[in-house]
Amino acid sequence: MNKAEQNYQRARANLLVMTLLTVLNIILIVADSTISFPFSAIIPQLAVIAGIYLLEESFWAVIVIGISIAAISMAVYFLCYFLSRKYFGWMIGALCLFSLDTLVCLLYTVVFFDVIYLIEIAFHGWVLYYLILGVASGRKLGKIGQDKLTVS
């Protein structure tokens with residue numbers, strides 16, 4: 001396995017770990033736990049938190065919308081992971097989606113500053129680094145004008 005293949009596989013592994021930890025955090029939020037793991041997407045978590053908060057205000061539709069947003073974004077991340085095995089365009093999609101998530105994380109940090117959010121930003125930077133590395137490696141592995149990879 002050459003260096004580009006190794007970097008691409010590392011990017012996919014980071015994408016999977018981030019996605020699984022995000023799902024775990026959503027489960028912990030619904031279970032009303034005080035535990036949370038960094039290295040996860042923030043948009044799905046905020047959607048569930050908003051839904052739960054507004055549920056207490058008697059807006060059932062909002063929790064359905066919040067959980068739906070979280071479920072759809074998690075499904076897209078899983079699709080990006082599984083389909084990026086053969087098509088690096090899905091790695092580009094994961095990078096775009098997580099870049100948006102990073103912007104939301106930065107805005108959330110500016111508005112509700114707490115030192116713990118700096119850890120979130122650091123982990124978002126970590127994931128972005130590997131996703132960018134994955135896109136660059138995917139371009140090297142793919143043929144010009146084609147999206148299909150030659151990764152084993």
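**Reading the fold**

Tutor: Going from the N terminus, the elements of the chain run α-α-α-α-α. Keep in mind that this is a predicted model.

Student: How many helices and how many strands does that make for the chain?
Tutor: The count is five helices and zero strands.

Student: What box do the C-alpha atoms of the chain fill?
Tutor: Taken along the principal axes, that box is roughly 55 × 30 × 20 Å.

Student: And what share of the residues counts as buried?
Tutor: The chain has 152 residues, and 38% of them count as buried. As for the surface, the chain exposes about 8,700 Å², with carbon and sulfur atoms supplying 72% of that area.

Student: How do I read contacts along the sequence?
Tutor: Take the contacts between residues at least 6 apart in sequence and look at how far along the chain they reach. Here, 64% of them join residues at least 24 apart.

Student: What about the charges: how far apart are the mean positions of the positive and negative ones?
Tutor: The chain has 9 positive and 8 negative charges, and their mean positions are 27 Å apart.

**Checking the helices**

Student: Let me try helix 4. What span should I expect, and what does the model give?
Tutor: Helix 4 takes in residues 89-111, and its 23 residues should span 33 Å. The end C-alpha atoms of helix 4 are 33 Å apart, which agrees.

Student: Which residues of helix 4 are buried?
Tutor: Start with the general idea: an α-helix has 3.6 residues a turn, so residues three or four places apart point the same way. Now the case here: the buried residues of helix 4 are M91, A94, L95, F98, D101, T102, C105 and T109. For helix 3, the list is I63, G66, A70, S73, M74, Y77, C80 and Y81.

Student: W90 sits in helix 4 too. Is it buried, partly exposed or exposed?
Tutor: W90 has a relative accessible area of 31%, so it is partly exposed. Leaving out residues up to four places away in sequence, W90 touches L79, C80, L83 and S84. One of these, L83, has its place in helix 3. L83 is partly exposed as well, with a relative accessible area of 32%.

Student: How far is W90 from A31?
Tutor: Those two are 59 residues apart along the chain, and their C-alpha atoms are separated by 32 Å. For L83 and N7, which are 76 residues apart along the chain, the C-alpha separation is 17 Å.

Student: Where does D32 lie, and what is its phi?
Tutor: D32 is in the loop between helix 1, residues 3-30, and helix 2. Its phi is positive, about 60 degrees, although D32 is not a glycine. F39 is found in the loop between helix 1 and helix 2, and its phi is near 70 degrees, again a positive value in a residue other than glycine.

Student: Are D32 and F39 buried or exposed?
Tutor: At 69% relative accessibility, D32 counts as exposed. F39 has 9%, so it counts as buried.

Student: What does P38 contact?
Tutor: P38 lies in the loop between helix 1 and helix 2. Setting aside neighbours within four places in sequence, P38 is in contact with L21, I119, E120 and F123. At 27% relative accessibility, P38 counts as partly exposed.

Student: Last one: is Q45 buried or exposed, and which residues is it in contact with?
Tutor: Q45 lies in helix 2, residues 43-56. Its relative accessible area is 10%, so Q45 is buried. Beyond neighbours within four places in sequence, Q45 is in contact with N25, I26, I29, S36 and S40. The C-alpha atoms of Q45 and I26 are separated by 5.8 Å, though the two are 19 residues apart along the chain. The side chain of Q45 also reaches the backbone oxygen of A41, at 2.6 Å.

Notes:
Residues are numbered from 1 along each chain as its sequence is written. This is a predicted model: local features need pLDDT of at least 70, side-chain atom pairs count only at pLDDT 80 or more; totals for chains, interfaces and linings use all residues. Side-chain values use heavy atoms; hydrogens and water are left out. Helices (H or I, at least four residues) and strands (E, at least two) are DSSP runs, numbered from the N terminus. Buried means under 20% relative accessible area, exposed over 50%, partly exposed in between (1.4 Å probe, protein chains only). Contact means heavy atoms within 4.5 Å. Accessible areas come from the Shrake-Rupley method with a 1.4 Å probe; for residues, only the protein chains shown count as cover. Lys and Arg count as positive and Asp and Glu as negative; His and the chain ends are not counted. The place of a charge is taken as NZ of Lys, CZ of Arg, CG of Asp or CD of Glu. The expected span of a helix is 1.5 Å times one less than its number of residues. A polar contact is a pair of N or O atoms within 3.5 Å; within protein, one must be able to donate a hydrogen and the other to accept it, and residues adjacent in sequence count only if both atoms are side-chain atoms.
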